[in-house]
Amino acid sequence: MALDDEDYGDLASMFEQNYRCYPVSFIDKSHLEKGDKIIMPPSALDRLAHLQIDYPMLFKLTNPLAGKVSHCGVLEFVADEGLIYIPYWMMENMLLQEGDIVNVKNASLSKGTYVKLQPHTTDFLDVSNPKAILETSLRSYSCLTTGDTIMVPYNNKKFYIDIVEAKPSAAISIIETDCEVDFAPPLDYKEPEKPLKSKVSPEVEEEPPNKIPKFNPFSGSARRLDGKPAEAVAAPVLQPHKAEATTSDANGSTPSTSGSRKRSGKLVFGSNADQNSNGVPKPAVKEAKQESSKKEEEPKFQAFTGKKYSLKN
């Protein structure tokens, strides 16, 4: 297929090369682990200068075996021919081993306006000013790629942070740009458990815990004084004396209800109401008065008031 002049010009201005990769610690440049800068061979600089690549130079790294992609910048061109040295955290993200082949291609990225980060642990949020620390650390970075995990060192600790989202594209440039930063909950964050509320049916109402039972006098079982078993009866009910009704028997006497209850061997309270102050039952007093009135009505005995009888024949 023939290419027109425009397509040929695009291919002529593109840099693409395969290199074997090694960590930056192999050339005593461990400080580069704090950013995303790589070391390339001098031949790459000659080719880039010939193509008139715009600065800052940004590159797209691809692992052809795993299909992993990331982006980076370049710091120096002092590597041996056919080799590049990249930060070890980038090799981990792209699943690269020492000596693996990586494809390097120049890239043009838009300036970022928004990025969402997610720390791996909540320890990073416990730092006094995490945004200031992150802003200082990102000065060593040229670009950010969604899906990458960057490392932020602080106080002899290494904090790993995932790039969850980036705008306006999946890969953005953060050189000389104002970028809004947002944080997602850490990976090990757990929401506090809510206390379970006990479900009570609306028909059943809970009684107050400190409810004192009402006093119910003489509600226990009855016991006889002679030790014999007592019959089960209802608890006695106290009633005023005025409400008690009396009935007369055939002889005209009014037996007391308390007397009948006493014969059954049960305790009856309020029986004293049937007695007067002298201890004599009230019905007996009434009968005594009736007998005295009868005696008064009978005529008095008078001597020699009967019939006359003669001693003579």
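Two strands are taken as paired if DSSP finds at least two bridges between them, and strands (E, at least two residues) and helices (H or I, at least four residues) are DSSP runs numbered from the N terminus. The structure is a predicted model, in which local features need pLDDT of at least 70, side-chain atom pairs count only at pLDDT 80 or more, and totals for chains, interfaces and linings use all residues. Residues are numbered from 1 along each chain as its sequence is written, and side-chain values use heavy atoms, with hydrogens and water left out.

Strands of a sheet pair through backbone hydrogen bonds, either parallel or antiparallel. Strand β9 runs antiparallel to strand β10 (residues 157–167), to which six bridges join it. Within this pairing, Thr 149 has Asp 162 of β10 as its bridge partner.

Five bridges join β6 to β1, and the two run antiparallel; Val 102 in β6 stands opposite Tyr 19. Strand β3 (residues 58–63) also pairs with β6 in the antiparallel sense, over five bridges, and Asn 106 in β6 is the bridge partner of Phe 59.

Two non-glycine residues with positive phi were found in loops. Asn 156 has a phi of about 60 degrees and lies in the loop between β9 and β10. Its relative accessibility of 88% counts as exposed, on a scale where buried means under 20% relative accessible area, exposed over 50%, and partly exposed in between (1.4 Å probe, protein chains only). Leu 95 likewise has a positive phi of about 60 degrees; this residue is in the loop between α3 (88–93) and β6 and is exposed at 52% relative accessibility.

Side chains of opposite charge can pair when their charged atoms come close. With a salt bridge defined as a side-chain nitrogen of Lys or Arg within 4 Å of a carboxyl oxygen of Asp or Glu, a search of the whole structure finds three. In one of them, Glu 76 meets Lys 29 at 3.3 Å, N to O. Glu 76 is in strand β4 (residues 68–76) and Lys 29 in the loop between β1 (16–23) and β2 (37–39), so the pair ties together parts that are 47 residues apart in sequence. Glu 76 is partly exposed at 28% relative accessibility, whereas Lys 29 is buried at 19%. Lys 37 forms a salt bridge with Asp 36, with the closest N and O atoms 3.8 Å apart, and both residues are buried. Glu 165 and Lys 167 meet at 3.9 Å, N to O; Glu 165 is partly exposed at 31%, as is Lys 167 at 40%.

A cis peptide bond, with omega about 10 degrees, joins Lys 167 to Pro 168, which is found in the loop between β10 and β11 (171–173).

Six aromatic pairs are found in the whole structure. Rings of Phe, Tyr and Trp (its six-membered ring) pair if their centres lie within 6.5 Å; planes under 30 degrees apart count as stacked, over 60 as edge-to-face and the rest as tilted. The ring centres of Phe 124 and Phe 183 are 6.3 Å apart and the planes are at 40 degrees, so this pair is tilted. Phe 124 lies in the loop between β7 (114–119) and α4 (130–137) and Phe 183 in strand β12 (residues 180–183), 59 residues apart. Phe 124 is buried at 1% relative accessibility, while Phe 183 is partly exposed at 22%. Tyr 22, Phe 26 and Tyr 85 form one aromatic cluster.

The structure holds zero disulfides, a disulfide being a pair of cysteine sulfur atoms within 2.5 Å. The cysteine sulfur nearest to that of Cys 72 belongs to Cys 143, 6.4 Å away, which is too far for a bond. Cys 72 is buried at 0% relative accessible area, and Cys 143 is buried at 4%.
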